[in-house]
Each structure stands twice: as structure tokens, then as C-alpha cells.
Amino acid sequence: MEELCFDNQRIWFDPNLLQEDPKACFDASFWQQQGKVIGSAQGRGTTWFVQGETLPMALRHYRRGGLFGKLIEDAYVFTGWEKTRCAEEVALLSTLAAGGVNVPRPVAARAMRHGLVYRADLLVEKIDSAKDLVDLLQQAMLPDHVWCAIGRTVRKMHDLQVCHTDLNAHNILMDSRELVWLIDFDKCYTQEGEAWKAKNLSRLHRSFIKEQGKRNIHFSAASWQVLCRGYEACGPDN
């Protein structure tokens with residue numbers, strides 16, 4: 001990653017992935033004016049999907065959730081550039097990618113300081129032809145080898161001591177090649193020890209149960225057992 005420093009801002013970007021102007025690429029209007037917006041998704045805000053010169057990307061502005069987010073929408077206490085949420089997410093994605101976990105490649109990140117607080121944006125690779133598990137499971141049951149691959153992917157992440165604080169069925173994707181991807185690592189972190197890993201898996205299990213009741217997804221105890229077998233089979237030496 002290269003770094004730009006100016007006007008109380010820091011921009012980190014990968015020149016191999018970003019051919020556009022790093023100072024302009026975090027504004028949706030920049031992409032709209034060029035007719036390169038290829039889609040959008042609503043969450044805490046709008047995630048814009050844009051077509052860059054090198055690859056399709058997802059542009060996200062960091063926003064707070066919950067009750068506090070209604071009071072302070074997108075400002076965070078500044079404690080150092082490397083401790084901004086965008087810089088930490090870029091570092092975590094880089095660690096995971098280097099460790100063989102399928103995650104979107106970080107393209108660029110921006111933090112803008114305003115006195116004691118900052119605001120931030122992130123630009124990452126958009127995974128081609130990928131859908132989240134909830135969308136897929138609403139249509140049909142997934143074969144056992146996919147459930148096994150999900151378990152192996154989560155295990156690879158855990159072997160790197162990365163805790164995904166929002167590990168749920170929406171944050172796991174599968175592409176047209178049946179490759180499994182993990183996304184949305186905001187507020188995630190590395191953690192020592194082993195005990196937390198079972199709790200992280202339990203969180204994922206609860207999300208499947210929740211979506212089964214909410215959207216009637218194709219999920220069963222047998223599916224979860226296959227996922228767990230994939231998780232257990234994929235140790236650090238496998």
C-alpha cells in the first residue's frame with residue numbers, strides 16, 4: 001500500500017489495483033459522472049458498486065449502528081492514523097489474504113481528521129458473481145461439499161487468530177465457481193487463545209437458525225454437522 005498525507009487526511013491505496021485518482025475515488029459522484037456505477041446496496045448507508053479500470057469495487061463510508069449511531073452518524077474518536085477503522089480493516093484483510101483466506105482485496109482507504117474525531121471510507125474488490133448464503137439458501141439446499149468448504153474457510157480465518165465479530169450467513173459469499181468468501185471485517189480483530197473460537201462458531205450457527213425462521217432458508221442440523229466436519233478437518237497443517 002502507498003500512502004498519501006495532506007490536509008489532515010491519510011489515503012492508503014494499492015497502485016496495482018487502483019488506476020483512478022486516489023483523492024477522487026471515495027466520492028460516489030466521481031463514479032456517477034463517469035457512468036461507472038454498476039449497482040448499490042443498502043445497509044447502515046449506501047454501498048456503491050463501481051467499475052474501475054482494473055476491477056469492480058465496493059465503496060463504503062463508515063457509519064455507526066444502533067442508538068448511538070442516530071446521534072453521531074459517522075464520526076469516531078481519533079487515536080492515531082493506524083488505529084482508524086479503515087486502516088485496521090485494510091491490515092486485517094491483507095493478513096487474511098496472505099494466509100490463504102478468500103476475502104476481498106483492499107484497494108484503497110481514506111481517513112479524514114476533524115479535530116478530535118475522524119471519518120473514513122473504504123474501497124475493496126467486489127467479488128464477481130458472488131451471492132450471500134441467505135440468498136442462495138432461499139433458493140435451494142447447498143451440497144455437502146459447499147458446507148464443508150464453509151467450515152474450512154472459517155477454520156483458516158481462526159487459525160490466523162482473526163475473530164469476525166459479525167460472523168453470519170450474510171457475510172459469507174459463494175461465487176459461480178463455488179468458492180467461499182468472507183466479507184465485512186469492520187471492527188474485527190486478532191485475538192490470542194482458543195476459547196473464543198467456539199463462541200464465534202456458535203454465533204454463525206445462531207444466524208442460520210435466525211434466517212431459517214425469518215426467511216425459511218434451506219438449513220438443517222445435518223448441514224451444520226457437515227460444516228463442523230470441514231472446520232475440524234482443516235487444521236493448521238492441512
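Predicted model: local features only at pLDDT ≥ 70, side-chain atom pairs only at ≥ 80, totals over all residues.
Student: How do the axes of H5 and H7 cross?
Tutor: Helix H5 (residues 144-159) and helix H7 (residues 221-233) have axes that come within 7 Å and cross at roughly 45°. Helices here are DSSP runs of H or I with at least four residues, and strands are runs of E with at least two, numbered from the N terminus. Axes are lines fitted to C-alpha atoms, for helices over the stretch in contact, and angles run from 0 to 180 degrees between N-to-C directions.

Student: Why are H5 and H7 oblique to each other?
Tutor: Angles under 35 degrees count as roughly parallel, over 145 as roughly antiparallel, 65 to 115 as roughly perpendicular and the rest as oblique; at roughly 45°, H5 and H7 are therefore oblique.

Student: Which residues of H7 does H5 meet?
Tutor: In H7 they are Ser 223, Val 226, Leu 227, Gly 230, Tyr 231 and Glu 232, where contact means heavy atoms within 4.5 Å. The H5 side includes Trp 147, Val 154 and His 158.

Student: And at what angle do H6 and H7 cross?
Tutor: Helix H6 (residues 195-215) and H7 cross at roughly 155°, their axes coming within 12 Å. That makes H6 roughly antiparallel to H7. The contact is formed by Lys 197, Leu 201, Leu 204, His 205 and Phe 208 of H6 with Trp 224, Leu 227 and Tyr 231 of H7.

Student: How close do the axes of H5 and H6 come?
Tutor: They come within 11 Å and cross at roughly 145°. Among the residues in this contact are Trp 147 and Met 157 of H5, and Trp 196 and Asn 200 of H6.

Student: Changing topic, what is the volume of the largest pocket?
Tutor: Its volume is about 1,200 Å³, taken as the space filled by probe spheres set on grid points joined across faces, edges and corners. On a 1 Å grid over the protein atoms alone, using a 1.4 Å probe, a pocket is an open set of points with protein on both sides within 12 Å along at least five of seven lines, and lining residues have an atom within 4 Å of a point.

Student: Which residues lie nearest its centre?
Tutor: Of the 36 lining residues, Thr 47, Arg 60, Asn 171, Ile 183 and Asp 184 lie nearest the centre of the largest pocket. Elements that give two or more residues to the lining include strand S4 (46-51), strand S5 (56-61) and helix H3 (85-98).

Conventions: Residues numbered from 1 in each chain as written. Heavy atoms only, no water.
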